[in-house]
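Please read it with the structure open.

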Amino acid sequence: MKIAAETVGFHNRGGPMVVVAVLALLAAWTGVVQAHDELRPELPTITVSATGSLTFAPDQVFITFGMDTAARSLADAQRQNNAVMTKVMERLRDQNIEKERIQTSSFTVSPQYKPPPKRPSDVPPAPPEIIGYLMSNTVTVDVRNLEKIGRVIEDVLAAGVNHFQGLHWALRDEQPARMKALKSAAARAHEKAVAMSETLGVKLVRVLSVNEGGHVVRPASHMARSMMAMDAGEGAPPISPGEMKIEATVTLVYEIAPN
């Protein structure tokens, strides 16, 4: 770049022929650089991937349930729904669950229409007639004392909820677990690279690239559909949190050289 600047300055004093010479020189130099890059051999590499997984006991659960109410008028549907959900909130307060951990996750109102009568094809259809309303109110509760899970489920069922969507286990702070799984994955990937290099008679020179990915595997709840069949008077249902598996995957690319 310095040569080009000095030559252009000379052109201002000498004439347009110098510009042509400068452009030709730059074009030739660019071609030489490109040719050199194309002729440079690719670095020999080894690519390895590994997954690290750890298991942890969950310390948090989200319970989702709700109330579906059908009535001829929207006011009646809302009144019936509110009566049940008010009882639910009272039961949850009795369990010392703060309102900040109770969230309305879904609220819908759907009109119900009278089935259209059969008419001749040449008769235009009549306007749809609303014969009632269906109101659905779904709530998600964050329970952090796992010993209360069965009691919370029993209480909301006794309050009158008529649909139970299930449990979602979680860790309140997943980051430390993810980091441990990531370290495990990186260590295992490096071990694989060392083993491969020793077998192939090469040495690991340096790490050229690192890519990581991870996900959390949570146990599925098999109790969601069976809860509604239980009588609330039978006592709190047995709940087992099991374990959560935290997984992380690391891919390493090493430059290698003859040993």
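The sections below describe a sheet, the helices on it and the contact between those helices in a predicted model.

## The sheet

Four strands form an open sheet in the order β3-β4-β2-β5, and their pairing is antiparallel. Strands β3 (102-113) and β5 (163-170) lie at the edges, where each pairs on one side only. On average, neighbouring strands of this sheet are turned by 15 degrees against each other, with direction ignored. Strands of a sheet pair through backbone hydrogen bonds, in either a parallel or an antiparallel way.

## Where the helices meet

How are α3 and α4 oriented to each other? Helix α3 (residues 74-94) packs with helix α4 (residues 149-159) at an angle of about 155 degrees, and their axes are 8 Å apart. Angles over 145 degrees count as roughly antiparallel, and α3 and α4 are therefore roughly antiparallel to each other. Their crossing is right-handed.

On the α3 side, the residues that meet α4 are V84, K87, V88, R91 and L92. Their partners in α4 are V152, D155, V156, A158 and A159. Sorted by class, this contact has 7 nonpolar and 3 charged residues, and no polar ones. In an α-helix there are 3.6 residues a turn, so residues three or four places apart point the same way.

## How covered is α4?

Helix α4 is mostly covered, with 9 of its 11 residues buried. The buried residues are I149, G150, V152, I153, E154, D155, V156, L157 and A159. What do they pack against? The buried residues of α4 pack against α3 and against the strands β2, β4 and β5. V152, D155, V156 and A159 are buried, and these residues of α4 also meet α3.

After α4 comes G160, which has a positive phi near 120 degrees.

How values were computed. Residues are numbered from 1 along each chain as its sequence is written. This is a predicted model: local features need pLDDT of at least 70, side-chain atom pairs count only at pLDDT 80 or more; totals for chains, interfaces and linings use all residues. Side-chain values use heavy atoms; hydrogens and water are left out. Axes are lines fitted to C-alpha atoms, for helices over the stretch in contact, and angles run from 0 to 180 degrees between N-to-C directions. Helices (H or I, at least four residues) and strands (E, at least two) are DSSP runs, numbered from the N terminus. Angles under 35 degrees count as roughly parallel, over 145 as roughly antiparallel, 65 to 115 as roughly perpendicular and the rest as oblique. A crossing is left-handed if the near helix is turned anticlockwise from the far one by less than a right angle, and right-handed if clockwise. Contact means heavy atoms within 4.5 Å. Ala, Val, Leu, Ile, Met, Phe, Trp, Tyr, Cys and Pro count as nonpolar, Asp, Glu, Lys and Arg as charged, and the others, Gly among them, as polar. Two strands pair if DSSP finds at least two bridges between them. Buried means under 20% relative accessible area, exposed over 50%, partly exposed in between (1.4 Å probe, protein chains only).
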